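Q: I have a structure open and would like to go through it piece by piece. Can we start with the strands?

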Amino acid sequence: MTQETYSADDLTAKPAKTSITGISNRTAGKLVITWKKAKSADGYEIYRRAGTTNPYVRAAVIKSGSTTKYTNAKLKKGHTYYYRIRSYRYDENGRKIYSGWSTVKKQKVK
């Protein structure tokens, strides 16, 4: 038997925060974003901003907690894009509970 205690708060706890590990720019017009797998995450939401003054828009919803890579295509050559990511999990009522945001990473498209 273990000494771990069980709490109802664990059911609604936020998932672990993730971080972007890199943005690859090997193919023209595409960026490949990679991140660390977050403990207890059911999925991830990736947000992108073009330039410094535009608002963030959701670029993708990853519905698997084990996925750690996303390819963002059809990007404009020469533009700089800013990315941030957050993990989510579902509570007992089926609602999404979000982690905090990762740090922002930027990359210029070839």
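Q: How many bridges join strand S2 to S5?
A: Four bridges join S2, residues 31-35, to S5, and the two run antiparallel. Strands here are DSSP runs of E with at least two residues, numbered from the N terminus, and two strands pair if DSSP finds at least two bridges between them. This is a predicted model, where local features need pLDDT of at least 70 and side-chain atom pairs count only at pLDDT 80 or more, while totals for chains, interfaces and linings use all residues. Residues are numbered from 1 along each chain as its sequence is written, and side-chain values use heavy atoms, with hydrogens and water left out.

Q: Which residue is the bridge partner of Leu31 in S5?
A: Asn72 is the bridge partner of Leu31.

Q: What order do the strands of that sheet come in?
A: The order is S1-S2-S5, an open sheet of three strands with antiparallel pairing. Strand S1 (20-24) and strand S5 (69-72) are the edge strands, each pairing on one side only.

Q: OK, hairpins. Which strands form one?
A: S3 and S4 form a hairpin, with six residues between them. Gly51, in the turn, has a positive phi of about 80°. Five bridges join S3 (residues 43-50) to S4 (residues 57-62), and these strands run antiparallel. Ile46 stands opposite Ala60 in S4.

Q: Which residues have the most contacts inside the largest nonpolar core?
A: Trp35 and Tyr83, in a core of 17 residues. A nonpolar core is a set of buried Ala, Val, Leu, Ile, Met, Phe, Trp, Tyr and Cys residues joined through side-chain atoms within 4.5 Å. Buried means under 20% relative accessible area, exposed over 50%, and partly exposed in between, with a 1.4 Å probe and protein chains only. S1, S2, S3, S4 and strand S6 (80-90) each supply at least two residues of this core.

Q: New topic: how many aromatic pairs are there?
A: Four, in a search of the whole structure. Rings of Phe, Tyr and Trp (its six-membered ring) pair if their centres lie within 6.5 Å; planes under 30 degrees apart count as stacked, over 60 as edge-to-face and the rest as tilted. Tyr88 and Tyr90 have ring centres 5.6 Å apart and planes at 80°, so they are edge-to-face.

Q: Is Tyr88 buried or exposed?
A: Tyr88 is buried, with a relative accessible area of 1%. Tyr90 is partly exposed, at 38%.
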